[in-house]
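Please look at the sequence and the model, then read the points by topic.

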Amino acid sequence: MPGPNILQPPESEAFARFREDFGQRFIVTVDTEEEFDWDAPLDRDGYSTVAVSALRQFQDFCEGFGVKPIYLVDYPVAESPRAPEAIGAAVSAGRAEVGVQLHPWVSPPFDEDVNEFNSYAGNLPFELEREKFARLHARIVEAFGTAPRIYRAGRYGLGPRTHEILTEFGIAIDSSVRARFDYSSAGGPNYREHPLRPYWIDPAQRLLELPLTTVYWGPLRQMGNVIYPHLWRAPQLRGVLARMGLLERIALTPEGINVEEALRGVDIAIDDGLPVLVFSFHSPSLAPGHTPYVQNIKDIEALYDWWRQLFTHLARRGVRSTSVGEIMDAVALA
């Protein structure tokens with residue numbers, strides 16, 4: 001009998017319940033990856049890992065706010081000595097966690113063509129997806145001395161059998177579902193109808209889905225999933241709706257979302273009762289010149305100020321940082 005298809009939205013009975021004393025929490029996930037040209041075709045060799053050293057400053061910054069970052073590590077980072085140098089001590093001491101992020105085009109074995117369709121790991125043949133994951137998982141364990149318990153597919157590219165791989169390797173949480181986004185035009189998944197609330201992927205409740213947090217804001221927010229997909233060819237119209245305060249899609253990330261927008265998004269998520277807010281961004285944004293969002297020192301300062309204001313606001317609203325272990329301890333099994 002086939003298992004659950006992780007690409008399908010869940011039934012209502014799959015929503016996870018948490019202990020009452022857990023309250024509302026947040027996590028900071030870092031897609032910890034190599035630097036490459038985001039505007040160029042994907043390349044197995046055209047990358048560097050110099051920005052990995054900047055993780056140490058971000059780790060120190062987060063610790064100052066009592067926040068435990070979750071670093072979702074891909075293969076080039078896992079094999080770079082810069083990674084354990086930057087965050088290894090924090091991971092060993094429990095001040096940070098590591099997870100898995102699979103970029104298939106730079107993860108061995110290299111048995112597939114490099115193209116956009118194959119950049120979504122879930123599109124690969126099952127055995128190849130599994131082998132890439134297995135080698136990456138082993139490399140992370142070797143680098144950090146601990147087994148990861150959380151996964152994010154690179155480019156959010158889950159496949160219909162990804163859950164089988166994750167449960168085999170003891171992954172407790174998947175955080176690949178980017179609710180409110182549709183990547184199907186490029187051959188990727190469509191998460192437009194997926195919920196923001198955590199839910200169980202399998203009936204045995206071994207694998208919890210923790211979707212990235214994206215909310216709609218404005219008077220038309222309840223119709224966001226109906227209106228927004230029709231505007232993907234008209235970005236100017238999306239901008240008009242946002243400037244008029246009618247409809248805006250707000251992802252909880254410092255990349256392309258200013259602090260005022262993010263604060264609105266946080267308040268919506270909190271007021272809607274979301275138990276866990278999931279923040280995310282890419283590690284190359286911690287050094288100038290590697291992503292479109294951070295091109296100079298001024299942008300770096302703005303990124304840290306973004307986090308400073310968000311952490312302060314979350315504390316004011318009574319929403320505390322949490323971790324993979326705390327989430328799994330707090331989730332109530334049926």
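Contact here means heavy atoms within 4.5 Å, and helices (H or I, at least four residues) and strands (E, at least two) are DSSP runs, numbered from the N terminus. The model is predicted, so local features need pLDDT of at least 70 and side-chain atom pairs count only at pLDDT 80 or more, while totals for chains, interfaces and linings use all residues. Residues are numbered from 1 along each chain as its sequence is written, and side-chain values use heavy atoms, with hydrogens and water left out.

**Helix H1**
- Helix H1 spans residues 55–64, and its buried residues (under 20% relative accessible area, with a 1.4 Å probe and protein chains only) are Leu55, Phe58, Gln59, Phe61 and Cys62.
- These residues lie on the same side of H1, because they cover an arc of only 165 degrees around the axis; the arc is that of the directions from the helix axis to the C-beta atoms.
- Among the elements covering the buried residues of H1 are strands S2 (25–32), S3 (70–73) and S11 (276–282), along with helices H3 (82–92) and H9.
- Just after H1, Gly66 has a positive phi of about 70 degrees.

**Nonpolar core**
- A nonpolar core is a set of buried Ala, Val, Leu, Ile, Met, Phe, Trp, Tyr and Cys residues joined through side-chain atoms within 4.5 Å.
- The largest one has 94 residues, and Phe58, Leu277, Phe279, Trp307 and Ile327 have the most contacts inside it.
- Helix H9 (residues 297–316) gives the largest share of this core, eight residues.
- Apart from neighbours within four places in sequence, Phe58 is in contact with Val28, Val30, Pro69, Tyr71, Phe281, Leu286, Tyr304 and Trp307.

**Ile270**
- Ile270 belongs to helix H8 (residues 259–271).
- Ile270 is buried, with a relative accessible area of 6%.
- Neighbours within four places in sequence aside, Ile270 is in contact with Gln24, Leu277, Leu314, Arg317 and Val319.
- From C-alpha to C-alpha, Ile270 and Arg317 are 8.4 Å apart in space, and they are 47 residues apart in sequence.

Methods
Buried < 20%, exposed > 50% of the residue type's maximum accessible area, 1.4 Å probe, protein only.
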